[in-house]
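Here is a protein chain to read through in questions and answers. Keep the sequence and the 3D view open as you go.

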Amino acid sequence: EALQRAAQRKAPRPDAPAAATEPPVIVVTELGRVVRVPLHDVLYLKAELKYVTLRTAERTHVLDDALADLESRLGERFLRVHRNALVARHALRALERRGLGAEIDDEGAEGWAVRVAPVNEWLAVSRRQLAAVRRCEAMLHQDLSASHVGGDAPVVDLLQRSVGHERSGPGAQSDVPGGDAAARRQVRAQH
């Protein structure tokens, strides 16, 4: 009899909302209160010292979790672009080789970076993660090409840069005549 009562308590009630229909969230504790941030609002997660910064279009939150733990919990929705950063796949907009200032790279070196929309912030891409980011960018490019209907789809600045188009030094032009502007126009024309 006690087992039946326990089973009834565990059984889902027909009038209770189904947990599977709720969008996934990341729970953030801020100033003594609990904030539920929908996962589809998260643009990127970046490790900084002992904490992880969670960025949405409107706000920045601070988490006390390890980036590796978050990566394993979040799965394929996020792409590791650097040892200190995960970017939501839906927020990736461009991959460029650029001079990275102090806001991205402590050494101010030139390297690869991704642009995160809609905040238009650039995050450094490590050499180790570059191939995975390029694969993701290529898949996004294919998805955009397949979903493009007529002229009303927004132009997304996904730059297709193969190894032959990499810059060799600061201020170097791509192999496309007219430099990087021509490469951007060519990509936009394909959409």
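Buried means under 20% relative accessible area, exposed means over 50%, and partly exposed lies in between. The model is predicted.

Q: Is cysteine 136 buried or exposed?
A: Cysteine 136 sits in helix α3, which covers residues 130-147. Its relative accessibility is 3%. The cut-off for a buried residue is under 20%. Cysteine 136 therefore counts as buried.

Q: Is leucine 74 buried or exposed?
A: Leucine 74 belongs to helix α2, residues 67-74. Its relative accessible area is 12%. Buried means under 20%. Leucine 74 is therefore buried.

Q: How far apart are the C-alpha atoms of leucine 74 and leucine 39?
A: Leaving aside neighbours within four places in sequence, leucine 74 is in contact with Ile26, Leu39 and Leu45. Leucine 39 is 35 residues from leucine 74 along the chain. Their C-alpha atoms are separated by 8.6 Å.

Q: In what order do the 5 strands of the open sheet lie?
A: The chain has 4 helices and 10 strands. An open sheet is formed by 5 strands, with antiparallel pairing. Their order is β5-β4-β3-β7-β6.

Q: Which strands stand at the edges of this sheet?
A: An edge strand here has a single partner strand, so one side of it is left without a neighbour in the sheet. From one strand to the next, the twist averages 20°. The strands at the edges are β5 (60-63) and β6 (78-82).

Q: How many bridges join strand β3 to strand β4?
A: Strand β3 spans residues 42-48 and strand β4 spans residues 51-56. They run antiparallel. Valine 42 has threonine 56 of β4 as its bridge partner, and tyrosine 44 stands opposite arginine 55. The number of bridges joining β3 to β4 is 6.

Q: Which residue takes a positive phi in the hairpin of β3 and β4?
A: This hairpin has 2 residues between the strands. The phi in question is near 55°. The residue is leucine 49.

Q: Which residue of β5 is the bridge partner of valine 52?
A: Strands β4 and β5 run antiparallel, joined by 4 bridges. A hairpin of 3 residues links them. The partner of valine 52 in β5 is leucine 63.

Q: How many of the 6 residues of β4 are buried?
A: For the chain as a whole, buried residues make up 38% of the 191 residues. Strand β4 is largely enclosed by the rest of the structure, because its buried residues number 5 of the 6.

Q: What share of contacts between residues at least 6 apart in sequence joins residues at least 24 apart?
A: From the N terminus on, the elements run α-β-β-β-β-β-α-β-β-β-β-β-α-α. Among the contacts between residues at least 6 apart, those joining residues at least 24 apart make up 45%.

Q: Which arginine lies over the face of tryptophan 122?
A: Arginine 134 lies over tryptophan 112, at 4.9 Å from the ring centre. Over tryptophan 122, the distance to the ring centre is 3.9 Å. The residue there is arginine 98.

Q: Is leucine 31 buried or exposed?
A: Leucine 31 lies in the loop between β1 (25-30) and β2 (33-38). Its phi is near 50°, positive in a residue other than glycine. Its relative accessibility is 89%. Exposed means over 50%, and leucine 31 therefore counts as exposed.

Q: Where is the cis peptide bond that ends at proline 118, and what is its omega?
A: Proline 118 is found in the loop between β9 (110-116) and β10 (121-125). The cis bond runs from alanine 117 to proline 118, with omega near 0°.

Q: What phi does asparagine 120 have?
A: Asparagine 120 is in the loop between β9 and β10. At 45% relative accessibility, asparagine 120 counts as partly exposed. Although asparagine 120 is not a glycine, its phi is positive, at about 55°.

Definitions and conventions:
Residues are numbered from 1 along each chain as its sequence is written. This is a predicted model: local features need pLDDT of at least 70, side-chain atom pairs count only at pLDDT 80 or more; totals for chains, interfaces and linings use all residues. Side-chain values use heavy atoms; hydrogens and water are left out. Buried means under 20% relative accessible area, exposed over 50%, partly exposed in between (1.4 Å probe, protein chains only). Two strands pair if DSSP finds at least two bridges between them. Axes are lines fitted to C-alpha atoms, for helices over the stretch in contact, and angles run from 0 to 180 degrees between N-to-C directions. Contact means heavy atoms within 4.5 Å. A charge sits over a ring if NZ of Lys or CZ of Arg is within 6 Å of the ring centre and within 35 degrees of the ring normal.
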